[in-house]
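Keep the model open while you read.

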Amino acid sequence: MAGAGPDAGRGNAPGVRIVVAGDAKTGKSSLILTAATDSFPPNVPPLLPPTRLPDDIYPDKVPVTIIDTSPSPENRAKLVEELKRADAVVLTYACDKPATLDRLSTFWLPELRRLEVRVPVIVVGCMLDQRDEQNPVSLELVMSPIMQQFREIETCIECSAYKHIQIPEVFYYAQKTVLHPTAPLFDQEAQTLKPRCVRALKRIFILCDLDRDGALSDAELNDFQVKCFNAPLQPSEIVGVKRVVQDKLQEGVNERGLTLTGFLFLHALFIEKGRLETTWTVLRKFGYNNEIRLSEDQLPPPIKRHPDQSVELTNDALDFLRRIFFTFDINGDGALQSNELDDLFSTAPENPWSEAPHKDAAEKDALGGLSVDGFLSEWALMTLLDPIYSVENLIYIGYAGEPSSAIRVTRRRRLDRKKQQSDRNVYQCFVFGPKEAGKSAILNSFIGRPFPEEYQSTAGDQYAVNVVDVGGAKKTLVLREIPEDGVKKLLSSKDALADCDIAVFVHDSSHEISWKRAADLLVDVASHGEATGYEVPCLIVAAKDDLDPYLTQIQDSTRVSQDLGIEAPIPISTKLGDFSNLFQGIVKAAEHPHLSIPETEAGRSRKQYHRLINRSLMFVSVGAAVAVVGLAAYRVYAARKNASS
């Protein structure tokens, strides 16, 4: 890796915007004018307009615009606006005024944090020529404590506009911190590559290791060099690269070539020597942005769909995932244990299932391993909730097909109702019910978790996903628990039910209040569906069937289900493991979205009103048609009579 010139630009960014800030009279405007004109200005205006540096002034040839600012109170709003638009901030102090240096740590740097300006900072001491040479100051000694406290400082430099000392370097470093930032790549304290950088470089290494032998041969190393830097490596250079690695790290090279360990070592070496542009060039050639994630142009475009359309993985993607599963099931036990799953996602920025809503959303075995169904269920959930993120992770783990070929948009749910059949493979079920009705117990049972001895309140939406076999066909069911106190917020959105294939209403069959609350929730949801056009099939679940029901529970719930035109309540007991084929019943109801849709009294009245209106319109239309036909007949009769006479 000879380190040829880096790619220009940061993804789609048109240029670099550098904002210069600091106390008054610290040399901001003189610094900017000298950099732009290469001459010291005799007269400096109070505030400069935006200043564009020549595009070819630095090797990257990226446009640089410098923004001057004023710290005066009347210009405060403009200063804040500019700081929030900055790609990098240059903070100035006057070398002959120690108080202005102190102000950096007492005001300016804390202020940037308060404003949440999270960009690289370059600290610049201006008017170096004015410093008292009788009292020399070590910049490193002075700045070291400040840089320890404020890690956003990338570098410090002193300059003199009057004597043309290190003026171009100020904005070169500022531009470089934007184009080739240190923070995403390297941990300065630990002096190691950051985990996300290691993961990206590992993926790049695997992509370049064409023969999959765990090392980059001379030919593969040369192909890598040409791809990234548009120039081949001479045989002597390849020998030199491997010798550098082997001298420092014996396991970095073996008889087959440069190992992953050696590849990572080389990049750490480049960064330690200040050649960040080399590593950034490699990352950008393989499609990474400044967050070391794939840039947007590597992913499918935004998906155009109606709210009642969902996104699923295609058969191509599912076949790929099955192959990946068995590749990483090293011990062949039919499950991916946590270490195997970590290995699988070791080329992604992080394990996407380590946090909610994915963490513990699928069924695991006694050792915490995911079966093939559990593995595919997690992917189905991720694709349902965030399809682009799902495709992104598919690419990280090796999916080589066209990104858009990994996903498909399902048919609109309202069209499914007309056709009386759904074409989906993944169904989302909203689980409603009052507190302590048994919602969480149903989700836990669905993914094989034991029945809890003590009640635990659920905070926020919870998910459980699994494969359900219905008549020999495998469908994926996603259960989403909606806490009782979250229903009002959910239904405040018009599209609240757009991504719901079926709703289940759970109540504790031994408590009358629980049933009444569940019935109220059912009416609220049904009314919302009728009002918005997103009607969904609904089922009532009478939980805790192992307990004695209150006297009129069965009669009341049966009557309500009949009044609403939906199936009778399904009795279950999670404690006894008796589910009355609940999950198969949910999937079957979702497969036929025209059935089990509740009709409220208000909904019936609305339908009757529309029928009356339609009949009236039909009567008017028929009457008009008769009149038109009669008029036509009269004209024919009149014409014949005229002809005969």
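**A walk through the chain**

UniProt, in an unreviewed entry, places the feature "domain: EF-hand" at residues 316-351. The model itself is predicted. In it, the end C-alpha atoms of residues 316-351 lie 22 Å apart. That span is 56% helix and 0% strand.

Now take in the whole chain. It has 21 helices and 19 strands. Of its 645 residues, 48% are buried. Residues 24 or more positions apart account for 71% of them. The accessible surface comes to about 32100 Å². Carbon and sulfur atoms hold 52% of that surface.

The largest nonpolar core has 72 residues. Which residues have the most contacts inside it? They are Ile-204, Phe-375 and Trp-379. Helix α13, residues 372-385, gives this core its largest share, eight residues. Leaving out residues up to four places away in sequence, Trp-379 touches Leu-313, Leu-321, Phe-345 and Trp-353, among others. The list also includes Ser-390, Asn-393, Leu-394 and Ile-397. A second core is separate and has 28 residues. Among them are Phe-446, Ile-572, Leu-582 and Ala-589.

Go from there to helix α20, residues 582-591. This helix is mostly covered, with seven of its 10 residues buried. The buried ones are Leu-582, Phe-583, Ile-586, Val-587, Ala-589, Ala-590 and Glu-591. In general, an α-helix has 3.6 residues a turn, so residues three or four places apart point the same way.

Step back to the loop between β19 (570-571) and α20, where Thr-574 sits. Is Thr-574 buried or exposed? Its relative accessible area is 15%. Thr-574 is therefore buried, because the cut-off is under 20%. Thr-574 and Phe-446 are 128 residues apart along the chain, yet their C-alpha atoms are separated by 9.8 Å.

Next comes a helix pair. Two packed helices are described by the angle between their axes and the distance between the axes. Here the pair is α9 (residues 260-272) and α10 (residues 276-285). Their axes come within 7 Å and cross at roughly 135°. That angle makes α9 oblique to α10. Which residues make the contact? From α9 they are His-267, Phe-270 and Ile-271. From α10 they are Leu-276, Thr-278, Thr-279 and Val-282.

Finish with the backbone. The peptide bond from Ala-356 to Pro-357 is cis, with omega near 5°. Pro-357 is in the loop between α12 (338-344) and α13. Two other residues have a positive phi without being glycine. Asp-38 has a phi of about 60°. Asp-38 lies in the loop between α1 (28-37) and β2 (51-53). With a relative accessible area of 60%, Asp-38 is exposed. Ile-292 has a phi near 55°. Ile-292 is found in the loop between α10 and β12 (311-313). How is Ile-292 placed, buried or exposed? At 1% relative accessibility, Ile-292 counts as buried.

Technical notes
Residues are numbered from 1 along each chain as its sequence is written. This is a predicted model: local features need pLDDT of at least 70, side-chain atom pairs count only at pLDDT 80 or more; totals for chains, interfaces and linings use all residues. Side-chain values use heavy atoms; hydrogens and water are left out. UniProt positions are given in the numbering used here, feature names are shortened, and annotations may be inferred rather than shown by experiment. Helices (H or I, at least four residues) and strands (E, at least two) are DSSP runs, numbered from the N terminus. Buried means under 20% relative accessible area, exposed over 50%, partly exposed in between (1.4 Å probe, protein chains only). Contact means heavy atoms within 4.5 Å. Accessible areas come from the Shrake-Rupley method with a 1.4 Å probe; for residues, only the protein chains shown count as cover. A nonpolar core is a set of buried Ala, Val, Leu, Ile, Met, Phe, Trp, Tyr and Cys residues joined through side-chain atoms within 4.5 Å. Axes are lines fitted to C-alpha atoms, for helices over the stretch in contact, and angles run from 0 to 180 degrees between N-to-C directions. Angles under 35 degrees count as roughly parallel, over 145 as roughly antiparallel, 65 to 115 as roughly perpendicular and the rest as oblique.
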